2 protein chains.
Amino acid sequence: MTTEETRSPLDRLLSPRSIAMVGASNSPTRIGGTVFANLLRAFPGEVHPVHPRDEVVQGRTAYRSVADLPEAVDMAVIAVPAPAVVDVVAACAARGVGGATVITSGFAEAGPEGRALQDRLTAVARETGIRVIGPNCIGYMNAHGGVMANFMVTVDEPLPTPGPVALVSQSGGFGSYITNKAVLAGLRLGWFVSTGNESDVNVANVLRHLVERPEVGVLLSFAETLRNPEVFVETARRAAELDKPLVLLKAGRSEEAARAAMSHTASIVGSARVLDAVCQQYGVFVASTMEELLDLGTIFQDGRRARGDRVVVMTSSGGAGVLLADEAGLAGLSVPVLPEEEQRSLAEKMPVPFYGSTVNPVDTTAQTTAMPEAYRKVLFSVAGSPSADMVAAVTWARPGPANDAIVEMYGGTDKPVAILSTAWSEQFQEAGVPTYTDPRRAMVALAALVRQSRRGPLPETGFVPDAGRIGRVRALLAGAGTETTLLESTGKRILAEYGVPVTPEEQVTSVEAAIEAAERIGGAVALKVMSYQLPHKSDAGAIRLGLRGADAVRAGYLEMLDEVAAREPDARVEGVLVQRMVPARMELTCGVNRDPVFGPMVALGLGGVLVEVLSEAVLLRPPFDAETARAALRDLLGGRLVTGRRGLSDAEQDAIAQVMTGLGDLALELPEVAEVDVNPLRVADDAVYAADALIVVGHG
Amino acid sequence: MTTEETRSPLDRLLSPRSIAMVGASNSPTRIGGTVFANLLRAFPGEVHPVHPRDEVVQGRTAYRSVADLPEAVDMAVIAVPAPAVVDVVAACAARGVGGATVITSGFAEAGPEGRALQDRLTAVARETGIRVIGPNCIGYMNAHGGVMANFMVTVDEPLPTPGPVALVSQSGGFGSYITNKAVLAGLRLGWFVSTGNESDVNVANVLRHLVERPEVGVLLSFAETLRNPEVFVETARRAAELDKPLVLLKAGRSEEAARAAMSHTASIVGSARVLDAVCQQYGVFVASTMEELLDLGTIFQDGRRARGDRVVVMTSSGGAGVLLADEAGLAGLSVPVLPEEEQRSLAEKMPVPFYGSTVNPVDTTAQTTAMPEAYRKVLFSVAGSPSADMVAAVTWARPGPANDAIVEMYGGTDKPVAILSTAWSEQFQEAGVPTYTDPRRAMVALAALVRQSRRGPLPETGFVPDAGRIGRVRALLAGAGTETTLLESTGKRILAEYGVPVTPEEQVTSVEAAIEAAERIGGAVALKVMSYQLPHKSDAGAIRLGLRGADAVRAGYLEMLDEVAAREPDARVEGVLVQRMVPARMELTCGVNRDPVFGPMVALGLGGVLVEVLSEAVLLRPPFDAETARAALRDLLGGRLVTGRRGLSDAEQDAIAQVMTGLGDLALELPEVAEVDVNPLRVADDAVYAADALIVVGHG
């Protein structure tokens, strides 16, 4: 047992060398019978049943209790009634068991009593160090270790063909469902883990564990909630370093669900969108449908990488070829015209007379159905073309020489291949040929592969808080007393500490001081009343724009204070902000919100009236570097913000990136700041200025 | 033969009562052998082979030539070498044949010589009245009439189960491919027509014919080009009147594919966005993928309609239920919470203890796997619920009592049903139960069904040109001589004729006249130099904004003309436009462009700098009524333009709709106007004004 001592409890739980099952049954229709039978199917080590009465369970000597077990097994499967579970897990911990897989239902999902039971279970795990999967789960499969600790299949159903794909699912039923589908779709699952109620081990923990395992090459996951974002992000970072694709299918994305999770002010930040943004930032693929999760698994499972984004399409149906080319374009892949020399060489292999195309898509036409050797030669030429980073081919699911040629071609190249077929084909699945039943699905998968092939490790983002700055800003915050919404003038001083360019401005308390300030500032100025009671300045008449010269400033100042006094007699005026009018070719908005799951997120979107009309924004989770911010900016609005004729210049993009990283630093250094809203951020002439700022502080 | 005389040639071609085949072969591996064998499979009437030498072809007496045929058959299939085709078709016409299906390749797709052959074929059809399908097509199937005039299957493959679905495809290979997939997916095809090179009959013609046929309930089509937009629109109108869904899958939507399609069929590919807009306007469903085309066919083939948009989801896997609810929300369906009474009644049928949900999704949990009777009762209650307009249920593809219950439930309700299954199931296909392998696909299909259930006939859009107005506007156009881009002032006068509110303005030629005009107009004004040489006024300094009072107008006028004289000495100034500055809470752009396929299209989108950043716009094909324009406006930017806090008021929406219908009338009355661009259309205070206008006229 000495080597066991050096293994972590989670490792013992998921890769056990010895197993016990409490609640093992002789009755094959009971879950306890199904799971035990599955455990016996492929496990090379000992499986000890624990049973209160039976001497033998399914041919194995049973033990009366956990304490009676002949060894401190690595893992115990538990399928006893809910009220007994906590004591059994505690007994396992006392016996030296590494981890428990709790199948039993009737915990948090069943109401307050179950919730209390589950809390006790969590406590036992925390106190003793035993790791717990479940409760209310379907168990797990580690096909490489021969562990079928689950009832996802019955004992008369075949085991999946093991391979490099790991699927981690919170939902057991769905996991079983999708595993079933995965087998039908030719996906080679080496691991399936359902985490159920996640009393201890959650989806992120399992992914974090599996990403390090050498036999795992692809990580697929399905989750309704992400309980451990830090571990999830760390897993994404490791997945990037190890070049293992990580794909997430998230439930609860519909507008109703997103609306519930939205933070209170920002209409541009919703939880599903935050998750998408986080995945984008850390290189995690988001599957938008169940089939896409499997489709990406299928393209990734052979471990191939693409040298570029050029796909050559081979078809005997012109229409299907056009659809594939269509979807390649929509997915961001290129469908290059083949060089003339290659086209000539292809033409020589084609039937005569030839009415197809050698351009790309290479269309052999239906003529080649009767000429399998021509089809084969053209297919091999296409696969060998220096212009092809990837190969896509169209075929029927019915066996024949064309499909034989495809299998042979796939085995003879290291380029990624995607086949469009009328249906799944056993021949392709046995050979591991990635097969798709729709042109879009094929090209979405190849595009993901290109993205994976191009990425490297994530950028380092070491962040060191600046204690001096924190001190200065906290002094400013103290000035607001118990107010939660800061004055614009205070907000601007805080922004300036974080390198955000703000409009040149001075706060004054007399008309004469305003005139002097306006002279110092120069050009046209705006006047704004600073009052904690007037957060919406324009509604209260507390703003004047475009004043030029002493007379205009004087008149505007007096008129404005009169109007405010008349409309909001109870508002206490702290001063008047004299502010330079800065030009704007474009108005943006930039802010910080705190997501309940992922914490602070920096958002950037279009400003002005459009912030309400257009909800598109880029979101980044700090810390991030300026290059990440610029890359995100390039993604906004399909890139048109950057490439448009009057789009953002290089200098403007740099300035915006600086604003974003500054707000990110602010969010990390000042957890008491609940929300920052810079709107508008005025952009013109290679510069940006925060022309207004709203900062909300949470007290307590 | 007398009744035949009253039938149209197209009807005789597609629903023949007698058939001949020229090029029929005794060799089963030749296309002429395959097609003839297929013709003999199910056709109840005579099929006469024409063969130059053989006395008998596949057991039928052969004739030496078309002229020798014993009767004027309704339809002839032609599979002779390309150079012989035209003469054969001409001989058919002379013999009184109604139509020809030309399988032969080697026409327009094969280069200039083939193009010339095809033109001769078209000429024969036009001159004699014989209708021609193809050439370069795979033929067609009319399963109701027993006509298998194609080689989409070989004679040893089973025929599809006939049903109400018609598929019309330009591409023969793709049509065969998708027909094969359709059969696997349980779609009941009654018709499949491939139109190939469309020398005479095109996709729109066939759809127009089939929409009237009583046995056709659903029309699916795949096209790379739409050659006959008027017939397509007329078909859409009839489909709406007859409540028959029409679904289009269009290839050539990306640049890559457009290139491939060009090389494939040498055809003009219109703008994908225009096609989407036209389909939206006329109620045609656009399938975004091949599988979606089949998915919509599957939901529509049983002819059921939904009374509302409420779907109740039944699942034994919580995760799958959440995904279905998610996708329902994303597709615009509602997933109502079931009334408490119904929930109590459902709970009584559930296993005890019960850890699932009765809310909706109704989650029976895996417990019911062992309790088929409970599953069945709950399923029937869900289907019978007054809260359910539609039912969605999750199941495994493996046979068992759950799937038996689903089949029984489907047969016992008239509500639309969509089943999420791990794979296609023979049992469901035989029973006609609509089955989907992905939650999104199921909900996209149900959402389409709701849209179809809610629609009525398309609005009447009788358009009568106004001769007086046309005369007045042509006089204005004449004033521009040979210039192609009109002066803003002329453009505004033309817009005003079509009810578009334009900024109050006067054109002057002296500074004193400008001052007087500014006084009459009132408030702040803009000055703009009118010159055919200065279409981009701001680049040339030919514009001054916000001038108030005589001094400012005088100074601005003189300064502006000096600047223009210095910067553009060759520009001839026609006058200066004095224009009221109108307020804008929002700037839009509205215009007319002419699509090569669909003709004039009226566009409305965001204006100002954003017209370049955001390409989203609504497009409408005139004529259309104001209500259609308002509905389109409500669709723009996901509805946020209308619902946002500072969005468009009712009066503003009406005013914009009036601008759009006005521009539509303009486009119809004045074919010589190539382009209209109103940017910005300024919106504020319940009114809109065209603040600038660019009209381009095509001469010749």
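Residues are numbered from 1 along each chain as its sequence is written, and chains are lettered from A in the order in which they are written. Because this is a predicted model, local features need pLDDT of at least 70 and side-chain atom pairs count only at pLDDT 80 or more, whereas totals for chains, interfaces and linings use all residues, and side-chain values rest on heavy atoms, with hydrogens and water left out.

**View 1. Chain B laid on chain A.** The same surface serves both copies, since 91% of the contact residues of chain B recur in chain A, where contact means heavy atoms within 4.5 Å.

**View 2. The interface of chain B and chain A.** To the contact, chain B gives 70 residues and chain A gives 75 residues. The area buried between the two chains is about 5,700 Å², and carbon and sulfur atoms give 60% of this area; buried area is the accessible area (1.4 Å probe) that two parts lose on being put together, summed over both. Across this interface there are 4 salt bridges, a salt bridge being a side-chain nitrogen of Lys or Arg within 4 Å of a carboxyl oxygen of Asp or Glu. A salt bridge joins the side chains of A:Arg441 and B:Glu291, with a distance of 2.9 Å from N to O. Both of these residues belong to a network of salt bridges that links A:Lys181, A:Glu291, A:Asp295, A:Arg441, B:Lys181, B:Glu291, B:Asp295 and B:Arg441.

View 3. B:Arg253 sits in the loop of chain B between strand S13 (246-250) and helix H9 (255-265); helices (H or I, at least four residues) and strands (E, at least two) are DSSP runs, numbered from the N terminus. With a relative accessible area of 26%, B:Arg253 is partly exposed, on a scale where buried means under 20%, exposed over 50% and partly exposed in between (1.4 Å probe, protein chains only). Leaving aside residues up to four places away in sequence, B:Arg253 touches B:Ala272, B:Leu275, B:Asp276 and B:Val286, and also A:Asp326. The C-alpha atoms of B:Arg253 and B:Ala272 are separated by 5.4 Å, although the two residues are 19 residues apart along the chain.

**View 4. Salt bridges within single chains.** Side chains of opposite charge can pair when their charged atoms come close. Over all chains the count comes to 95 salt bridges. One of them joins A:Arg64 to A:Glu55 at 3.5 Å from N to O; here A:Arg64 is partly exposed at 34% relative accessible area, while A:Glu55 is exposed at 55%. In another, A:Asp650 meets A:Arg630 at 3.3 Å from N to O. A:Asp650 lies in helix H25 (residues 650-669) and A:Arg630 in helix H23 (residues 626-635) of chain A, so this pair ties together parts that are 20 residues apart in sequence. A:Asp650 is exposed at 53% relative accessible area, whereas A:Arg630 is buried at 14%. In chain B, the closest N and O atoms of the salt bridge between B:Glu587 and B:Arg682 are 2.5 Å apart. B:Glu587 lies in strand S24 (residues 586-595) and B:Arg682 in strand S27 (residues 673-684), so this pair ties together parts that are 95 residues apart in sequence.

**View 5. Helix H19 of chain A.** Helix H19 (residues 488-497) is mostly covered, with 7 of its 10 residues buried. The buried residues are A:Glu488, A:Ser489, A:Thr490, A:Gly491, A:Lys492, A:Ile494 and A:Leu495. Just after this helix, A:Gly499 takes a positive phi of about 80 degrees.

**View 6. Cysteines of chain A.** The count comes to 0 disulfides over all chains, a disulfide being a pair of cysteine sulfur atoms within 2.5 Å. The sulfur of A:Cys92 is 14 Å from the closest cysteine sulfur, in A:Cys137, which is too far for a bond. A:Cys92 is buried, with a relative accessible area of 0%, and A:Cys279 likewise counts as buried at 0%.
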